[in-house]
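Keep the model in view as you read.

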Amino acid sequence: RQGSELSGWAMGRWTYEGIDLNHNFADLNTALWDAEDNDLVPHEFPNHYIPIPEYYTFANATVAPETRAVIDWMQRYPFVLSANLHGGELVVTYPFDMTRTYWKAQELTPTADDGVFRWLATVYATSNLAMASEERRLCHYDDFTRFGNIINGANWHTVPGSMNDFSYLHTNCFEITVELSCDKFPHASELPVEWENNRESLLLYMEQVHRGIKGVVRDGDTEQGIANAIISVDGINHDVRT
């Protein structure tokens with residue numbers, strides 16, 4: 001009603017309590033990077049399943065009920081692949097979303113699984129009709145076509161406490177952000193086109209869950225499954241758990 005993208009970036013961004021859900025997850029990045037700088041990873045400090053800081057669990061912590069509910073959901077179900085959908089640009093971003101140099105607004109900050117994340121982002125971007133169109137225009141001033149319509153989140157703009165970083169560091173889940181459209185608030189009449197733009201890319205993205213190593217970790221003598229076995233891959237400083 002207010003003119004789609006002309007209503008401004010802040011519209012609809014905060015909850016009723018005044019919390020920006022996009023920055024509301026626990027910052028686990030800083031703890032990991034501090035431990036890495038002190039050579040504590042992974043023997044004294046984990047490189048995955050990083051625990052939530054105690055201050056974040058206090059009743060008076062500035063954590064939205066929506067955020068607490070999503071974290072509880074993620075802890076109950078062992079998701080391994082996810083995407084969250086945003087509007088206002090045409091690009092797919094992948095972790096880390098927070099710059100490693102805390103005072104920098106932009107800085108390439110890859111994860112230990114950068115190759116996988118770049119692949120996941122590329123699968124979505126190359127099959128998205130709006131992103132892949134030869135006639136696509138720039139949304140605003142960033143030319144993401146030069147990078148194949150994907151970018152490391154922190155290299156675009158730093159987002160401390162993002163859901164992507166939290167998913168990667170606290171759970172087994174690999175998560176990306178998809179900026180669906182130049183228009184942050186498309187009209188209802190435009191939604192069928194938006195659906196067609198994203199239908200195939202959503203399906204192809206979900207299919208990527210079948211990539212990589214999978215199976216059951218069993219006891220060599222009893223053949224019983226082993227819960228919470230830690231899987232390490234040489235050269236990747238980020239383990240996963242069964």
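In which hand does H4 pass H8? H4 makes a right-handed crossing with H8. A crossing is right-handed if the near helix is turned clockwise from the far one by less than a right angle, and left-handed if anticlockwise.

This is a predicted model: local features need pLDDT of at least 70, side-chain atom pairs count only at pLDDT 80 or more, and totals for chains, interfaces and linings use all residues. Residues are numbered from 1 along each chain as its sequence is written, and side-chain values use heavy atoms, without hydrogens and water.

Helices here are DSSP runs (H or I, at least four residues), numbered from the N terminus. Axes are lines fitted to C-alpha atoms over the stretch in contact, with angles from 0 to 180 degrees between N-to-C directions.

| Pair | Angle | Axes |
|---|---|---|
| H4 (114-127) and H8 (191-207) | about 155° | 8 Å apart |
| H3 (65-76) and H7 (163-170) | roughly 30° | within 12 Å |

H4 and H8 are therefore roughly antiparallel (over 145 degrees). Contact means heavy atoms within 4.5 Å. On H4, Leu120, Val123, Tyr124 and Ser127 make the contact; the H8 side includes Asn197, Glu200 and Tyr205. The contact of H4 with H8 has six nonpolar, four polar and one charged residues. Ala, Val, Leu, Ile, Met, Phe, Trp, Tyr, Cys and Pro count as nonpolar, Asp, Glu, Lys and Arg as charged, and the others as polar.

Now the second pair. The angle in the table makes H3 roughly parallel (under 35 degrees) to H7. H3 also passes H7 in a right-handed crossing. Val70, Ile71, Met74 and Gln75 of H3 meet Met163, Phe166, Ser167 and His170 of H7. Five of these residues are nonpolar, three are polar and none is charged.

Technical notes: Helix = DSSP H or I, 4+ residues; strand = E, 2+ residues; numbered from the N terminus. Parallel < 35°, antiparallel > 145°, perpendicular 65-115°, else oblique.
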